[in-house]
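I opened this model to look up its folds, its chain contact and a few backbone details. My notes follow the display.

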Amino acid sequence: MSALLLRDLRLAFRAGGGFGLGLAFFLIVTVLVPFAVGPETALLSRIAPGILWLGALLACLLSLDRILALDFEDGSLDLIATAPLPLEAVAVVKALAHWLTTGLPLVLAAPVLGLLMSLPGPGYLWLTLSLALGTPALSVIGTFGAALTVGIKRGGLLLSLLVLPLYVPTLIFGAEVARRGAQGLDPQAPLLLLAGITCGTIALLPFASAAVLRVNLR
Amino acid sequence: MGSIWEYANPRKFMATTDVVLPWVAALAGIALVVGLAWGFFLTPDDYRQGSTVKIIYLHVPSALMAINTWLMMLVASLIWLVRRHHVSALAARAAAPVGAVMTLIALVTGAIWGQPMWGTWWAWDPRLTSFLILFLFYLGYIALWAAIDNDDAAADLTSVLCIVGSVFAILSRYAVNFWNQGLHQGASLSLDKEENVADVFYQPLLVCIAGFVLLFLALVLLRTRTEIRARRMRALLARERMG
């Protein structure tokens with residue numbers, strides 16, 4: 001498992017791995033928003049939690065088709081599937097690698113971008129915490145979507161269409177935590193629900209991902 | 001008449017539905033004409049909503065069918081995954097566009113009613129939002145069926161998507177509740193509640209619901225038959241090319 005994880009991480013970090021893609025996209029979205037809605041601090045700080053969550057989600061969405069498509073094209077996915085490692089574990093490792101290369105940088109970059117969006121003081125902690133809790137769910141759900149569409153040529157649009165509705169609950173609870181935190185309200189209830197979604201998807205979705213991978217590799 | 005699984009045999013299914021389908025279609029037509037005519041012309045206007053109340057005869061049945069179609073697809077998908085009956089997978093495939101159109105009808109009629117009543121075509125109300133999400137699920141499901149060439153693989157993948165999607169659809173339904181309080185009125189057709197719509201509206205509404213259920217049944221049977229015939233034709237063409 002660790003060998004596969006290291007391989008995926010190395011591939012992502014080295015040239016052409018698309019490591020910076022999600023991060024750059026996140027940066028572009030948040031930097032462009034003030035140009036679009038105007039530089040009023042009050043407005044920006046009100047919409048900051050939502051915009052930052054949306055940017056993180058879209059950045060995740062953008063990098064999803066890299067999770068499995070390249071491995072499928074050069075045949076290494078077949079080799080991985082014939083290895084003794086069960087496909088469920090492969091799905092977990094792929095999601096983990098995606099989170100480490102996309103989700104984690106987003107979590108770390110979010111407070112800095114929050115500064116640009118003039119996020120209110122108490123919001124930083126809750127925004128970072130909600131992203132740290134929510135982005136693993138995005139990676140796991142995205143791995144399921146990538147596994148569904150891995151055999152399809154140019155499946156990028158289909159992948160987005162399939163994953164979009166699956167992301168809704170995570171986005172609602174995650175953005176709600178950040179919004180309540182920024183406004184000084186008690187964010188405990190959405191925080192617990194967000195944690196529940198993350199734990200539930202990590203526990204159950206790899207089985208679905210492995211099942212559809214088996215169909216696609218048949 | 002043996003067990004229900006006999007109808008998993010395409011030949012048996014075709015023979016039975018050949019007889020049943022015209023009856024179901026005729027009954028659907030009668031129920032819809034009677035229900036809609038009764039609802040539109042023979043019921044009084046509501047004292048607050050005026051004649052806009054009559055859109056209920058399209059809105060409620062289509063919304064009901066939009067959800068129940070997904071439920072039917074879920075059951076059909078489970079049957080396919082467990083027992084590998086092709087008719088079941090094809091029925092799920094046949095039902096998806098019907099469900100999508102039902103969702104669209106519910107959304108559009110809701111918007112048409114909402115404009116004079118709420119003063120807006122669209123509000124981010126929990127029910128409206130969850131129907132929009134449901135519509136996206138239908139689109140994704142249909143697109144996935146269309147994108148995969150291998151029939152069995154497509155059936156497997158869409159079945160898993162349907163199961164995962166059901167869980168997330170329910171999650172979204174309650175998540176949006178949390179996020180915004182509703183503008184939409186609560187349930188008013190429950191069997192066990194005091195506060196329902198008045199009987200004058202209730203009775204034609206029941207006829208319309210029956211009409212929509214029958215219409216759904218007729219469309220799904222027809223589309224399943226078409227799918228089976230299309231698959232037979234492909235098999236024949238393939239055989240011809242081989243020989």
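I am working with a predicted model, in which local features need pLDDT of at least 70, side-chain atom pairs count only at pLDDT 80 or more, and totals for chains, interfaces and linings use all residues. Residues are numbered from 1 along each chain as its sequence is written, and chains are lettered from A and ligands numbered from 1 in the order in which they are written.

**Chain A, fold.** I looked up the secondary structure and found nine helices and zero strands in chain A. Helices (H or I, at least four residues) and strands (E, at least two) are DSSP runs, numbered from the N terminus. Along the sequence the pattern reads α-α-α-α-α-α-α-α-α.

**Chain A, dimensions.** The C-alpha atoms of chain A fill a box of roughly 55 × 35 × 30 Å along the principal axes. Of the 218 residues of chain A, 53% count as buried. Here a residue is buried if 20 or more other C-beta atoms lie within 10 Å of its own, exposed if 12 or fewer, and partly exposed in between, with C-beta atoms placed from the backbone. For contacts in chain A between residues at least 6 apart in sequence, I noted that 81% join residues at least 24 apart; a contact means C-beta atoms, placed from the backbone, within 7 Å.

**Chain A, record.** UniProt, in an unreviewed entry, places "transmembrane region" at several spans of chain A, including residues 96–117 and 123–150. UniProt positions use the numbering here, feature names are shortened, and annotations may be inferred rather than shown by experiment. I checked these two spans: residues 96–117 are 95% helix and 0% strand, with end C-alpha atoms 29 Å apart. Residues 123–150 are 93% helix and 0% strand, with end C-alpha atoms 38 Å apart.

**A:Ser118.** This residue sits in the loop between helix H6 (87–116) and helix H7 (123–148) of chain A. A:Ser118 is not a glycine, yet its phi is positive at about 45°. A:Ser118 counts as partly exposed because it has 17 C-beta neighbours inside 10 Å.

**Chain B, fold.** I found six helices and zero strands in chain B. The C-alpha box of chain B is roughly 70 × 40 × 30 Å along the principal axes. Of its 243 residues, 37% count as buried.

**Chain B, H3.** How far apart are the end C-alpha atoms of helix H3 (residues 86–118) of chain B? They are 46 Å apart, which agrees with the 48 Å that its 33 residues should span at 1.5 Å a residue. The expected span is 1.5 Å times one less than the number of residues. I noted a kink of about 25° at B:Ala96 in H3(B), shortly before the proline B:Pro97; the bend is the angle between axes fitted to the seven residues ending there and the seven starting there. After H3(B) comes B:Gly119, with a positive phi near 80°.

**Contact between the chains.** I counted 21 residues of chain B in contact with 21 residues of chain A. On the chain B side, H5(B) gives the most, with 12 residues.

Definitions and conventions: Two residues are in contact if their C-beta atoms, placed from the backbone, lie within 7 Å.
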